[in-house]
Every structure is written in structure tokens, then in C-alpha cells.
Amino acid sequence: MKLLFLLFALPLCVSANDTALHDGRFGPGPLDMDDGRESPVRMEREHLQVDFGYQFTAMHAIFTFRNSAPQGTVEHLVGFPDIGAASVEMKRRDPEHARVISERVNTAPLLDLRTLIDGKERKAALRLGEVKPGGDTDRTTVWSFDKASGIRAWHVVRVQFPAGKEVTIERYYRVQNGTSALGVAFFHYTTATGGVWQGRIGRLQVDATLSNGLKVGEIVWPDTKLGRGKTLDAADAIYATQPARSEWQVIGDTHLRLVWTDFEPRTEKQRRGFKLSRPFHGW
């Protein structure tokens with residue numbers, strides 16, 4: 001699984017005026033492994049507890065890792081991208097073009113972010129990084145008005161992984177959902193950040209709780225009829241709930257579950273993430 005950190009990002013090819021993206025769709029990646037090397041640490045499991053609300057989504061993500069090395073301790077600087085924070089910094093540096101930058105990015109910073117290592121809370125530091133033109137490999141960069149320079153932002157924490165032992169990294173946060181002029185609000189999460197960790201991801205379990213009155217029968221799928229009885233066409237289907245309806249287990253009226261095992265998001269396109277979508281009529 002030799003892959004640069006966060007190689008894949010949300011592939012939305014529409015203007016910022018029509019679509020509002022959201023942050024929080026990335027898992028953890030080791031920032032000190034961005035030269036193509038593969039870490040000896042494997043992501044064995046990730047359990048994502050998602051509270052999908054009308055305007056905001058709350059996430060409790062639990063990642064379980066194991067250092068496969070026979071001896072010694074591996075230390076990584078683990079980072080979570082925050083495109084909204086990078087946008088705030090770019091606008092601070094270039095206030096004259098703040099409105100244009102906001103329209104391009106249209107992403108708010110993460111809210112109420114907490115990080116726990118093996119059950120103990122750790123303060124994550126916000127780290128900013130400069131990006132030169134052509135240096136954005138993961139679409140997490142916010143560019144200046146003239147696109148001559150860019151900024152990335154991460155919430156970082158240094159983590160030790162002893163040989164043969166499991167280490168858990170937990171992350172809590174809230175984020176405002178993305179929106180589309182088509183009349184849907186969505187939360188998207190990518191599994192592709194597992195690329196630089198060793199081997200295949202052992203297991204992913206997503207438990208999605210629908211809140212603010214939303215029921216499973218109201219989730220937006222590719223064949224859902226929206227305004228005027230129209231369904232999403234092929235180009236707009238990226239805004240619908242993914243993967244296919246048949247892969248989600250209906251646990252209750254407001255509870256969906258998704259389980260994948262032994263997968264490699266770099267080579268398995270259908271395992272690169274999931275999306276939850278609901279009707280949207282304005283905040």
C-alpha cells in the first residue's frame with residue numbers, strides 16, 4: 001500500500017458557488033511518511049460512529065493500529081487535515097481577496113475537535129504548511145488569489161507504536177455538512193488515508209445514526225425523486241448516498257450500518273469512502 005499521504009480526495013468537479021464542501025472527511029495519516037515509504041504500522045480496524053444531522057454531522061472515529069515490526073517502537077507525527085483552518089489563515093494573509101478565497105473553498109473549520117491516544121486525551125497542535133504550485137497531491141491545499149502559493153493545515157499529534165502492540169487513536173469532531181444546489185446535504189468520508197499504513201485495512205464499520213427527524217426511508221439515493229419528481233442524473237449521482245443501498249444494513253428506523261473487511265482503497269475504487277445524503281432546503 002505504498003501511497004503518498006491523502007492521495008485521494010473528494011472528486012467534485014463543480015463550482016464553489018453551486019456546492020459547499022465540508023471538512024472532516026479524512027482519517028489519520030503519518031505526515032513523516034510522505035516520501036513514498038510504507039509504515040510498518042498497520043491500520044487493523046476503524047469504527048466510525050456518525051451522527052448525521054440536518055446541518056451538522058458529529059463523528060466519533062476509533063482507529064486501531066498494530067506495529068508489525070519484530071522489535072522496537074515506531075513513532076509517527078499523525079495528522080488530520082483541516083481545509084477550513086487553512087482557508088482562515090489564507091484569508092488572514094490576503095484580506096483583500098478574502099471573499100474570493102471563501103467562494104473557492106466554501107469550507108468551515110472543524111469544530112470541537114478532540115484526540116485520544118489509548119483512551120487518554122492528547123492536545124493536537126494546529127500545523128500550517130506552505131505549498132508551492134504543483135505540490136498539492138491530495139487536494140487539501142487552499143491557494144492564494146493568484147494561485148502562486150498555497151497553505152495546508154493539520155491537527156497533529158506525535159504517537160508511539162510499540163512492536164507487536166495495538167494502539168488506538170480516537171477523534172471526536174463536528175462539521176457542517178456539504179450542500180448542493182440540487183437540494184441535498186451530505187457528509188462524505190474517505191478511507192484513502194489508509195494508503196501509507198502497512199498492507200490492507202482489516203475492517204471498517206460505520207454506524208450512522210440519522211437525527212433531526214430523518215428516517216432511513218428519506219435518505220437520498222441515486223434513484224430518489226427530488227424536486228419536481230426528478231432523480232439525479234449520472235453526473236449528479238456523486239451527491240447521493242454511497243455505496244449502493246444493498247451494502248448498508250438497516251438496523252433501525254434511524255440507524256444504518258456499513259461493514260467492509262480486508263480491503264485496499266488504493267486499488268479497490270468501491271472501497272474509497274462513503275457518503276450520506278439527505279434532502280436540503282436551506283439552513
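Colleague: What does Phe-161 touch, leaving out residues up to four places away in sequence?
Modeller: Val-41, Phe-65, Asn-67, Gly-72, Thr-73, Val-74, His-76, Val-78, Val-167, Ile-169 and Trp-197. Contact here means heavy atoms within 4.5 Å. Bear in mind that this is a predicted model, where local features need pLDDT of at least 70, side-chain atom pairs count only at pLDDT 80 or more, and totals for chains, interfaces and linings use all residues. Numbering runs from 1 along each chain as its sequence is written, and side-chain values use heavy atoms, with hydrogens and water left out.

Colleague: And which residues touch the most other members of the largest nonpolar core?
Modeller: Leu-48, Phe-161, Phe-187 and Phe-274, out of 40 residues. A nonpolar core is a set of buried Ala, Val, Leu, Ile, Met, Phe, Trp, Tyr and Cys residues joined through side-chain atoms within 4.5 Å. Buried means under 20% relative accessible area, exposed over 50%, partly exposed in between (1.4 Å probe, protein chains only).

Colleague: OK, backbone now. Which peptide bond is cis?
Modeller: The one from Gln-242 to Pro-243, with omega near 0°. Pro-243 sits in the loop between strand E14 (201–210) and strand E15 (248–252). Strands (E, at least two residues) are DSSP runs, numbered from the N terminus.

Colleague: What's phi like at Asn-212?
Modeller: Near 60°, a positive value in a residue other than glycine. Asn-212 is also in the loop between E14 and E15.

Colleague: Is Asn-212 buried or exposed?
Modeller: Asn-212 counts as exposed, because its relative accessibility is 58%.

Colleague: And what about phi of Asp-118?
Modeller: That's positive too, near 50°. Asp-118 is in the loop between strand E6 (111–117) and strand E7 (120–122), and at 46% relative accessibility Asp-118 counts as partly exposed.

Definitions and conventions
Helix = DSSP H or I, 4+ residues; strand = E, 2+ residues; numbered from the N terminus.
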